[in-house]
Amino acid sequence: MNYTFSSKTRNICFILMAIGLVSIVGAFIADSHRAWPSLLLNSFFFMAIALGSLFFIAIQYAAEAGWSAVVKRPMEAIASYLPYGAVFLGIVVTLSALHFNHIYHWADPEILHPTLENGQPNPHFDKIIAGKSGFLNPVFYIIRTVVYLLGWVLFLRAFMKRSEIEAKGLDVTNWKRSQSLAAWFLVFFAVTSSTSAWDWIMSIDTHWFSTLFGWYTFAGFFVSALTMITLVVLYLKGQGLLPEVTDNHIHDLGKFMFAFSIFWTYLWTSQFMLIWYSNIPEEVTYYMDRFANYKFLFLLNLFLNFFFPFLVLMKRGSKRNYNLLFFVGIVILFGHWSDNFVMIMPGTMKEHWHMGWVEIGTMLGFLGLFGYVVLSKLASRPVSNPTHVFYQESVHHHI
Amino acid sequence: MENHSTATVRQPLILGNKTYHQISEDIARPIEGKASKLFKVVFVISVLLALWGVGCFAYTIGTGIGVWGNNKSVGWAWDITNFVWWVGIGHAGTLISAVLLLFRQRWRMSINRSAEAMTIFAVICAALFPVMHMGRVWVAYWVFPLPNQFGSLWVNFNSPLLWDVFAISTYFTVSLVFWYTGLIPDFATIRDRQMKPRMQRIYNILSFGWSGSAKQWSRFEEVSLVLAGLSTPLVLSVHTIVSMDFATSVIPGWHTTIFPPYFVAGAIFSGFAMVLTLLIIMRKVLNLEDYITIQHIELMNKIIIVTGSIVGVAYLTELFTSWYSGVEYEQYAFLNRATGPYWWSNWSMMTCNVITPQLFWFKKIRTSLVATFIISIFVNIGMWFERFVIIVTSLHRDYLPSSWTMFHPTFVDVGIFIGTIGIFFTCFLIFSRTFPVIALSELKTILKTTSENPKQPHH
């Protein structure tokens with residue numbers, strides 16, 4: 001059975017993309033200082049969802065998970081947005097590193113030298129940032145960005161190639177190769193998921209540092225990816241597709257949303273609590289800024305990303321209630337978008353932030369593109385893959 | 001939980017065409033048979049080590065903790081190193097029993113019982129150290145929030161050390177209940193096989209008079225799931241809070257935000273190493289090779305790779321961030337770890353924890369019993385050094401250079417540590433001859449779907 005990408009759905013995607021385009025262009029005309037962080041936020045958020053989905057696919061192979069074979073196609077469709085996301089994000093961060101904007105303080109060449117050309121002390125010299133310039137300099141930064149994005153995209157292509165072979169018939173050798181591919185990807189991902197978060201996001205607050213930051217960012221986009229997978233599966237179920245996906249699979253997806261919402265909260269608490277408790281000036285400024293100017297969002301995120309999913313998804317029945325699960329999913333996705341907002345904006349917009357037509361419009365635009373790519377991918381081939389090694393196990397999955 | 005169409009690529013978890021009766025036979029044999037000479041020798045050695053430890057404990061209590069090598073700068077040393085090491089080892093048991101249950105990993109059923117036993121003994125060994133370090137152990141109950149009339153002072157709720165008291169006591173209680181709940185039907189099986197009335201009576205009491213009715217089984221399954229759900233956050237919380245003993249401070253090398261998840265990963269890493277050390281011997285001595293198969297060993301080795309690599313990434317993250325932070329003290333702390341007077345402990349840790357587990361990428365190595373055994377010992381040693389590195393190297397160079405010093409363990413430090421190893425093995429050996437070391441009733445539930453028999457028709 002194939003998914004049909006109806007012209008109506010297609011038009012919705014186009015309208016969203018048009019809204020996005022207008023917002024981005026409008027923002028650059030009106031206030032480019034506001035347009036850039038919003039572009040970074042949205043290009044990162046959606047790219048990371050695709051990356052999280054690819055990570056989850058790799059986990060299925062590495063862990064020899066059987067239950068998930070019937071929802072593998074939706075995961076692949078989401079991951080297939082990765083190259084598009086990579087292009088947008090790559091452009092945004094490259095231009096930022098080249099100081100086309102003021103996202104990265106370290107990209108400003110004027111602050112790196114203690115003296116001016118005429119021998120006078122440089123009033124803009126920043127000793128701490130100068131100390132980091134061995135790592136945070138445009139050339140090395142851009143090389144790293146290319147390595148991460150290209151690496152992930154190449155892995156995605158390799159996975160997709162394996163998937164095509166998988167579709168041709170039951171093939172244990174191919175499954176074993178997928179497993180070792182997954183292992184290689186996980187090694188690459190283990191390093192790059194952290195370092196990319198330092199580069200793209202942590203370095204916005206250039207003075208600040210936190211060893212947990214990479215894993216914290218990962219936890220956020222991984223739970224977003226799990227939620228997106230659930231939403232796409234529920235959408236396909238709503239279209240009358242994926243009959244082999246039962247309440248049991250949905251229940252398990254719901255459990256993942258529940259569990260990794262808690263995991264995100266665990267890392268949030270670890271980072272926040274230790275910094276708050278120790279109260280070291282170099283570190284605590286990060287939260288001081290957020291609490292001073294983003295208090296409402298900062299606290300709202302904790303509610304949207306923890307208390308709400310925790311309390312609602314605790315019950316068995318709510319993980320089997322499609323409408324409720326869909327609604328919780330929307331809340332979680334917005335919550336993590338908003339969490340990314342609070343990670344990016346304070347270092348770029350300071351107290352002059354908005355969550356208005358620019359940010360929401362850009363988000364809708366990326367959502368339209370994301371939806372278009374994912375749904376086109378779904379429509380391009382059957383949504384079931386009965387020749388997967390674990391298909392029978394997955395079909396008979398019962399909890 | 002059962003999956004009625006197991007994929008052909010899955011290897012059987014129970015080898016050798018077992019029947020239900022044979023499983024009972026195989027697992028009850030060590031309890032019903034006589035102890036071998038080797039067992040007696042090992043047991044006596046363990047008891048002697050334990051007694052030496054008890055002697056050192058007594059000496060410490062009688063004389064005071066001045067008999068340890070701790071000093072003004074290095075106020076925490078072997079005691080806390082051993083404490084964290086033992087608590088960490090305990091984590092594998094709970095991971096196997098709870099987290100792998102939630103993830104429906106059926107291979108856990110052959111190893112969960114002994115891993116949980118190991119957890120309980122390890123937590124007991126761990127708890128001895130902070131209690132001893134209090135000095136006046138007879139007022140150890142003052143760590144609880146008792147009203148001042150007891151002579152104690154109201155505890156400091158802001159201190160992670162107090163959170164430790166709550167976390168570890170809760171963890172111990174839940175682990176014990178979880179372990180014991182699983183044992184109830186198995187004790188009943190042992191009871192039903194016993195010929196001697198006295199033994200029958202003992203096992204009947206231990207099994208709480210289990211009758212095996214449908215209602216009891218249903219309750220049993222429900223309570224297992226609830227306990228698994230409770231244990232999962234607990235196992236994370238314990239090492240999280242242990243990490244906060246260090247990370248809430250402002251000591252370079254201690255204060256770092258990655259500590260909570262990194263400590264948890266390290267704990268699971270060390271715990272699995274200890275499980276492997278114990279099980280590779282146990283499966284041989286008790287003839288359980290058909291239940292604890294090479295596949296089980298391989299899967300555990302994969303967990304060792306994953307957790308070992310997480311720990312490796314955390315080391316490198318810390319190292320990188322210490323440079324990146326631009327904070328002189330942080331930079332010095334890590335430079336001192338690698339090149340200071342304790343460089344050897346740092347490099348032992350790196351070699352044992354980061355490099356050796358990577359050998360498991362080779363299938364030949366991760367399916368070899370000898371190699372696995374050796375590497376598991378390396379990991380046990382490496383994880384001990386990790387805590388030593390964190391604790392002693394961070395303390396021996398404090399902010400004031402005139403306080404810089406070294407730590408030298410005394411014979412009491414060594415004796416207590418060796419003693420806890422003796423206590424641990426004594427407990428484990430007693431366990432292996434009196435308890436069903438494999439969760440036999442649980443294991444029987446997967447016999448039909450995963451034995452070597454040509455697939456039998458299902459109900």
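User: How many residues does chain A bring to its contact with chain B?

Analyst: This is a predicted model, and in it two chains, A and B, meet. Chain B puts 27 residues into the contact. The number from chain A is 31 residues.

User: And on the side of chain B that touches chain A, which helix gives the most?

Analyst: Three helices of chain B each supply at least two residues there: H7 (214–247), H8 (259–285) and H9 (294–325). By class, that side of chain B divides into 11 nonpolar, 15 polar and 1 charged. The helix that gives the most, with 7 residues, is H9(B).

User: Let's turn to chain A as a whole. What radius of gyration does chain A have, and what would a compact globule have?

Analyst: The secondary structure of chain A comes to 15 helices and 0 strands. Its C-alpha trace spans about 75 × 40 × 40 Å along the principal axes. For 399 residues, a compact globule would have a radius of gyration near 21 Å, and the value for chain A agrees with that: 22 Å.

User: What share of the contacts in chain A between residues at least 6 apart in sequence join residues at least 24 apart?

Analyst: Burial gives some background here: buried residues make up 48% of the 399 residues in chain A. As for the contacts between residues at least 6 apart in sequence, the share that joins residues at least 24 apart is 81%.

User: Are H2(A) and H7(A) roughly parallel or roughly antiparallel?

Analyst: H2 of chain A covers residues 32–62 and H7 of chain A covers residues 172–200, and their axes lie 9 Å apart. The two helices pack at an angle of about 150°. Angles over 145 degrees count as roughly antiparallel, so H2(A) and H7(A) are roughly antiparallel.

User: How many nonpolar residues does the contact of H2(A) with H7(A) have?

Analyst: H2(A) passes H7(A) in a left-handed crossing. Among the residues that meet are A:Phe44, A:Phe55 and A:Tyr61 from H2(A), with A:Phe185, A:Leu186 and A:Trp200 from H7(A). The contact has no charged residues and 2 polar ones, while the nonpolar residues number 11.

User: H2(A) also packs with H14(A). What is the handedness of that crossing?

Analyst: H2(A) and H14(A) pack at an angle of about 30°, with 9 Å between their axes. Residues of H2(A) including A:Arg34, A:Leu39 and A:Phe46 meet residues of H14(A) including A:Glu359, A:Met363 and A:Phe370. This contact divides into 7 nonpolar, 4 polar and 2 charged residues. The crossing is right-handed.

User: Back in chain B, how are H3(B) and H4(B) oriented, roughly parallel or roughly antiparallel?

Analyst: In chain B, helix H3 (residues 78–102) and helix H4 (residues 112–133) have their axes 7 Å apart and pack at an angle of about 155°. That angle makes H3(B) and H4(B) roughly antiparallel.

User: How many charged residues are in the contact of H3(B) with H4(B)?

Analyst: H3(B) passes H4(B) in a left-handed crossing. The residues of this contact include 16 nonpolar and 8 polar ones, and the charged ones number 2.

User: Why is H3(A) described as largely enclosed by the rest of the structure?

Analyst: Helix H3 of chain A runs over residues 72–79, and among its buried residues are A:Lys72, A:Arg73, A:Glu76 and A:Ile78. What covers the buried residues includes H2, H4 (82–97), H6 (138–168), H8 (213–238) and H14 (357–379) of chain A. H3(A) is largely enclosed because its buried residues number 8 of the 8.

User: Is A:Trp67 buried or exposed?

Analyst: A:Trp67 is found in the loop between H2 and H3 of chain A. A residue needs 20 or more C-beta neighbours within 10 Å to count as buried. A:Trp67 has 21 of them inside 10 Å, so it is buried.

User: How far is the C-alpha atom of A:Trp67 from that of A:Ser394?

Analyst: Leaving aside neighbours within four places in sequence, A:Trp67 is in contact with A:His249, A:Asp252, A:Ser394 and A:His397. A:Trp67 and A:Ser394 are 327 residues apart along the chain, and their C-alpha atoms are separated by 4.2 Å.

User: Which residues is A:Leu231 in contact with, leaving aside its neighbours within four places in sequence?

Analyst: A:Leu231 is found in helix H8 of chain A. With 21 C-beta neighbours inside 10 Å, A:Leu231 counts as buried. Its contacts beyond those sequence neighbours are A:Phe326 and A:Gly329.

Note on methods:
Residues numbered from 1 in each chain as written. Chains lettered and ligands numbered in written order. Predicted model: local features only at pLDDT ≥ 70, side-chain atom pairs only at ≥ 80, totals over all residues. Contact = placed C-beta atoms within 7 Å. Helix = DSSP H or I, 4+ residues; strand = E, 2+ residues; numbered from the N terminus. Nonpolar A, V, L, I, M, F, W, Y, C, P; charged D, E, K, R; others polar. Rg over C-alpha atoms; globule rule 2.2 N^0.38 Å. Buried ≥ 20, exposed ≤ 12 C-beta atoms within 10 Å, placed from the backbone. Axes fitted to C-alpha atoms, helices over the stretch in contact; angles between N-to-C directions. Parallel < 35°, antiparallel > 145°, perpendicular 65-115°, else oblique. Left-handed = near helix turned anticlockwise from the far one by under 90°.
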